[in-house]
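Work through the following exercises with the sequence and the model at hand. Each task is followed by a solution that goes step by step.

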Amino acid sequence: MAHLKRILSAIILVTSLALPAVRAADRPKPKVRAITGFITIDAKSYPSQIEEAVKFLSGVRDAIKTAGYDVAGIRISTQPFPAYTRGLSRADALKLLRGIDDLAGKLRFAPNIGPAMLQDSDNTEPVDLLAEVLATPGNRLSGNIVTAGEDGIHWNAVRQAARIIRTVGERSPHGQGNFNFGAIAMLKPYGPFYPGAWHPGGEPPSFAIGLESANVVMDVFAREHDPRTAGKILTEALALHARAVEAAAMKAAAGSGWTYAGIDPTPAPGGQVSIGAAIESFTGAPFGSPGTETASGIVTRAVQAVPVNQTGYSGLMIPVLEDAVLTRRWTEGTYSLDSILAYSAVCAGGVDTVPLAGDTSEDAIARIVGDVATLAFRWHKPLAVRLLPAPGRKTGQMTEFSGALANAIIQPPVGSPRR
């Protein structure tokens, strides 16, 4: 009898040890959203410089794929474009930027040309150049403006950002050119996610990695609903993959002359891979209900505790029109612009892909951009603004975006009297 008990105990022990391994193997893997290279180019030799960067980044991509992770694509961010268009005529500057755009199509990378304004005292002429580029049909280039830094809030840049958003909203097809523009506050260089990525230039080439891991959050939150323990479990789940991706990337870069800038473990969502659904799984209620703030804080703290070399936002993204559940809840009115600002106090996304009526004034846009810059500077955290005024569409109507953007009902501006 004792012998039989020992055999049964051994079977139970082996089974209990084997089951977690099986479950871990079945857990979802994140996708690598971006492998972003940061290079300093000049007006004469940029084609060869970009080709060399694409070759290196493609090698990193192959190494990460070999490690078992899908990669959405590679990206290249230059130093702020005013540095290499300065002194050129407007026509020649546009020709150079469109040359970068053409190369992006040929070599299959996503291009970012950095800030039109880095300091609040910068010349505003590049703002007009960026607006023209972003409004061009078929444009691939992304760009941004820095609206807050260690020196404070850049109120002139806030106004210029609003001017870009208003102009591009009027001139680009369906206003969709604003998808490629970000007003960034307190975001340090070398973040991999667009359109906020930027670097100061003048340094050796570097690269960073961004993950699309909302599915990992969903997997954890579907099982863990205790706010005291969910964060630690989420950190462990994200760390498993972040470490593996980081190790593959660093091995591929060894001896190349490229510097590894870090990984942004922010669980970026995309379509049905929904951070909104993950948070609803945790709270048991529609996104925007009480408890959403708590879940947002848990995700952000879990991300920031992932033991890798971090860069970028390292928090939580709430892109209204890039996440199926967030889009649906926006149309239903379960959350608003004020809600997003509240969640931004404990996360690191900001106001992202929020649809506005086409006739939203430049002043109203500037107030939104200024609010986000104020919040970012007050809490010393990276936040960004990506607003999408829909030309010809009014409050209560559906937007008409396409591609990576979903469509939602345009909600009344916050502060509008109830009827």
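**Exercise 1. Determine the handedness and the geometry of the crossing of α4 and α5.**

Helices α4 and α5 cross in a right-handed sense, the term applied when the near helix is turned clockwise from the far one, left-handed being anticlockwise by less than a right angle. The contact (heavy atoms within 4.5 Å) is made by R90, A93, L94, L97 and R98 of α4 together with D128, L129, E132 and V133 of α5. Sorted by class, this contact has five nonpolar, no polar and four charged residues, where Ala, Val, Leu, Ile, Met, Phe, Trp, Tyr, Cys and Pro count as nonpolar, Asp, Glu, Lys and Arg as charged, and the others, Gly among them, as polar.

For the geometry, the axes of α4 (residues 90-107) and α5 (residues 125-135) come within 11 Å and cross at roughly 50°. That angle makes α4 oblique to α5, because angles under 35 degrees count as roughly parallel, over 145 as roughly antiparallel, 65 to 115 as roughly perpendicular and the rest as oblique.

The model is predicted, with local features needing pLDDT of at least 70 and side-chain atom pairs counting only at pLDDT 80 or more, while totals for chains, interfaces and linings use all residues. Residues are numbered from 1 along each chain as its sequence is written, and side-chain values use heavy atoms, with hydrogens and water left out.

**Exercise 2. Find which residues line the largest cavity, and state its volume.**

The structure holds one cavity of 30 Å³ or more, and about 40 Å³ of space lies in the largest cavity. The residues lining the largest cavity are H174, A390, P391, R393, E400 and F401, which by class are three nonpolar, one polar and two charged.

How values were computed. Axes are lines fitted to C-alpha atoms, for helices over the stretch in contact, and angles run from 0 to 180 degrees between N-to-C directions. Helices (H or I, at least four residues) and strands (E, at least two) are DSSP runs, numbered from the N terminus. On a 1 Å grid over the protein atoms alone, a cavity is a set of points where a 1.4 Å probe fits but cannot get out, and a pocket is an open set with protein on both sides within 12 Å along at least five of seven lines; lining residues have an atom within 4 Å of a point. Grid points are joined across faces, edges and corners, and a volume is the space filled by probe spheres set on the points.
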